[in-house]
Amino acid sequence: SFSFYLFVLVLLVLYYRLPRKCQWGILLIGSYVFYLTVCLKYVGFLLFTTLTTYLGARALDQISARTKETVRQNRDTWSSDERKQYKKRAGARKKRLMVAILLLNFGILAILKYYNFFSESIAGLFARFGLTVSLGKVGLLLPLGISFYTFQSMGYVIDVYREKAPAERNLGKLALFVSFFPQIIQGPIAIYSDLAEQLSTPHDFRFDNLRHGAELVLWGFFKKLVIADRAVGMIQTVAGNYASYSGTYILLAAVVYALQLYADFSLSLIHISEPTRQAEIS
């Protein structure tokens, strides 16, 4: 939509015109402005996931740090079995906390997304035996992007649990990772170590980067509008009346469907050469 392009343009100008230390904050404000504009009623779910993710990851990180420090302090007094037992108990606490965070957030997603279907299925099953059972319904629409930001946040929690990533100490930077507006509607689900640093690191304006980004956007439009959307017509024609077509056409439709899915969701990765990367860091 025109309003979205205008929003991106204004955000782009602010991003490069304001001090570099404010850039990640501009992205955070822009992401929440976008979400509040289109999904104000359900922003509480996004905030809840962000807070539970932040607090849970910090707690997991503290357990890991405390365990290592305790083992280090008692290295000369504890036997090997005592160290193993202590690490085992600490690991069990971490696992219980991690599972609790996952169940809480995935539970909300499951209730909002599948409860009504489950309720109707149970009612239909009992109706076959002449019984009337009503489990009620959840009168809420599915919040914008809840599947993507839930899976992305829980992936971060698992990485902190496995000590593959440190817990983010800045709540705002974690909130940006969870709510980054270009991906919150349709993904992709990003890995924390791949995306978080790119969002929080200051960037100078470079025309080559802008040109390369525009090329990627146009290539994405081509894959979506020219390939994916044109393939839908054939797929629907065959799938809507498959009994009238031979196996060759059905096989071709299946192949085109795979191509359509690829063109709809594929990503073009930006490869930054090492000299450019070093220049940006410096």
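The model is predicted. It holds two cavities of 30 Å³ or more, and a search of the whole structure finds eight salt bridges. Helix H5 (146–161) supplies at least two residues to the lining of the largest cavity, and H5 also gives two or more residues to the lining of the second largest cavity.

**Largest cavity**

- Rolling a probe the size of a water molecule over the atoms shows where empty space is left.
- The volume of the largest cavity is about 50 Å³.
- Its lining consists of Phe-148, Tyr-149, Gln-152, Phe-177, Val-178, Ser-179, Phe-180, Gln-183, Ile-184 and Pro-188.
- At least two lining residues come from each of helix H5 (146–161), helix H6 (171–179) and helix H7 (181–184).
- Seven of the lining residues are nonpolar and three are polar, with no charged residue present.

**Second largest cavity**

- The second largest cavity has a volume of about 40 Å³.
- Phe-45, Phe-48, Thr-49, Asn-105, Ile-108, Ile-146, Tyr-149 and Thr-150 form its lining.
- Two or more of these residues are given by each of helix H3 (43–73), helix H4 (80–127) and H5.
- The lining divides into five nonpolar and three polar residues, and no charged residue takes part.
- Tyr-149 lines the largest cavity and is also listed in the lining of the second largest cavity.

**Packing of H5 against H6**

- The axes of H5 and H6 come within 9 Å of each other and cross at roughly 135°.
- On the H5 side the contact involves Tyr-149, Gln-152, Ser-153 and Tyr-156, which meet Leu-174, Phe-177 and Val-178 in H6.
- By class, this contact has five nonpolar and two polar residues, and no charged ones.
- Tyr-149, Gln-152, Phe-177 and Val-178 take part in the contact of the two helices, and these four residues are also among those lining the largest cavity.

**Salt bridges**

- Side chains of opposite charge can pair when their charged atoms come close.

How values were computed: Residues numbered from 1 in each chain as written. Predicted model: local features only at pLDDT ≥ 70, side-chain atom pairs only at ≥ 80, totals over all residues. Heavy atoms only, no water. 1 Å grid on protein atoms, 1.4 Å probe; cavity = no way out; pocket = protein on both sides within 12 Å on 5 of 7 lines; lining within 4 Å. Points joined across faces, edges and corners; volume = space filled by probe spheres on them. Helix = DSSP H or I, 4+ residues; strand = E, 2+ residues; numbered from the N terminus. Nonpolar A, V, L, I, M, F, W, Y, C, P; charged D, E, K, R; others polar. Axes fitted to C-alpha atoms, helices over the stretch in contact; angles between N-to-C directions. Contact = heavy atoms within 4.5 Å. Salt bridge = Lys/Arg side-chain N within 4 Å of Asp/Glu carboxyl O.
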